[in-house]
Amino acid sequence: MLYPVMFFATTIGKTVSDFLVKNFPDQLDYEFTAEMEERLDKVAHRKLKWQGVLSKFYGPFARRVKQVEEKGKRVKIKTEKTGKKCPKCKKGELVIREGKFGKFLSCGTFPKCKYSAPIVNYFRAIRCPDCKARIVIRKTRKGREFYGCEKYPECEWASWKKPTKGMKKTTKKEKEKRTRRNNKRRREIEKKKAEMEKAEAKKKKEVEKAKEEEKKEVE
Ligand SMILES: [Zn+2]
Ligand SMILES: [Zn+2]
């Protein structure tokens with residue numbers, strides 16, 4: 001069975017698209033792209049020289065890029081107001097921004113003040129059975145919801161099920177099991193992170209090497 005898949009544009013995506021349409025109307029024009037495609041086809045069939053096609057496009061485009069860089073207005077990405085004051089600078093208002101990993105709290109005066117914090121959803125019906133701190137509704141990295149203690153990692157209480165009033169305290173044995181599991185997970189995450197950093201460093205090195213070789217060829 002096929003499931004319908006829905007795609008949603010993020011605020012950043014919409015903002016970037018609006019910016020491009022506004023500042024590069026010629027390059028994003030339907031007729032322009034259609035004509036370009038035709039010309040590239042002709043280049044592929046050796047009916048046109050690529051140098052001419054490229055220089056015809058590149059001159060006006062480079063000028064436009066420079067103009068936009070110099071005069072284009074910096075676009076403010078839409079934020080949601082919270083009505084709360086920033087706890088760091090005590091001046092700006094806290095706003096909700098959309099980042100790579102979803103929504104987060106941020107100071108309205110950014111980049112002046114760099115305060116940022118995750119958005120916390122409290123589960124208000126009961127408190128943590130182990131330490132009486134508040135319970136937070138969190139999501140795993142795969143998006144599954146769970147309940148966890150606000151004091152994590154000091155208190156590792158967590159539950160997939162909605163907490164209820166009669167919930168028992170975690171026994172010592174269960175606590176040890178939970179700590180072992182969390183430590184294992186943390187080690188795995190750190191390992192993955194280290195691998196990713198290593199791969200990125202390698203890629204960077206390769207890019208630099210390629211650049212240097214290019215330079216040598218030019219000389
Ligand atoms: Zn602030
Ligand atoms: Zn707790």
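This is a predicted model: local features need pLDDT of at least 70, side-chain atom pairs count only at pLDDT 80 or more; totals for chains, interfaces and linings use all residues.
Read from the N terminus, the elements run α-α-α-β-β-β-β-β-β-β-β-α.

Q: What makes β1 and β2 a pair of strands?
A: Two strands pair if there are at least two bridges between them. Three bridges join β1 to β2 (residues 93–99), so the pair meets that cut-off. The two strands run antiparallel. You can find the partners yourself: E80 bridges to I96 in β2, and K85 stands opposite E93.

Q: How do you know that β2 and β3 pair too?
A: The cut-off is at least two bridges, and β2 and β3 (residues 102–107) have six, so they count as paired. Their sense is antiparallel. To see a facing couple, look at V95, which stands opposite S106 in β3. These strands also form a hairpin, with two residues between them.

Q: Why is the sheet called open, and what is its strand order?
A: Four strands form the open sheet, in the order β1-β2-β3-β4, with antiparallel pairing. Its edge strands are β1 (80–85) and β4 (116–118), each of which pairs on one side only. From one strand to the next, the twist averages 35°. As for what holds such strands together, strands of a sheet pair through backbone hydrogen bonds.

Q: How does the radius of gyration of the protein compare with that of a compact globule?
A: For 219 residues, a compact globule would have a radius near 17 Å, but the protein has 27 Å. Along the principal axes, the C-alpha atoms fill a box of roughly 80 × 50 × 40 Å.

Q: What share of the residues is buried?
A: Buried residues make up 5% of the 219. To be counted, a residue needs 20 or more other C-beta atoms within 10 Å of its own, so 5% of the residues reach that cut-off.

Q: What share of the contacts joins residues at least 24 apart?
A: Among contacts between residues at least 6 apart in sequence, the share is 26%. A contact here has C-beta atoms within 7 Å.

Q: Which domains is the protein divided into, and where do they lie?
A: Domain 1 covers 11–71, domain 2 covers 80–118 and domain 3 covers 176–219. Taken over C-alpha atoms, 35 Å separate the centres of domain 1 and domain 3.

Definitions and conventions
Residues are numbered from 1 along each chain as its sequence is written. Chains are lettered from A and ligands numbered from 1 in the order in which they are written. Axes are lines fitted to C-alpha atoms, for helices over the stretch in contact, and angles run from 0 to 180 degrees between N-to-C directions. The radius of gyration is taken over C-alpha atoms; the globule rule is 2.2 Å times the number of residues to the power 0.38. A residue is buried if 20 or more other C-beta atoms lie within 10 Å of its own, exposed if 12 or fewer, and partly exposed in between; C-beta atoms are placed from the backbone. Two residues are in contact if their C-beta atoms, placed from the backbone, lie within 7 Å. Domain bounds come from an automatic or database domain assignment.
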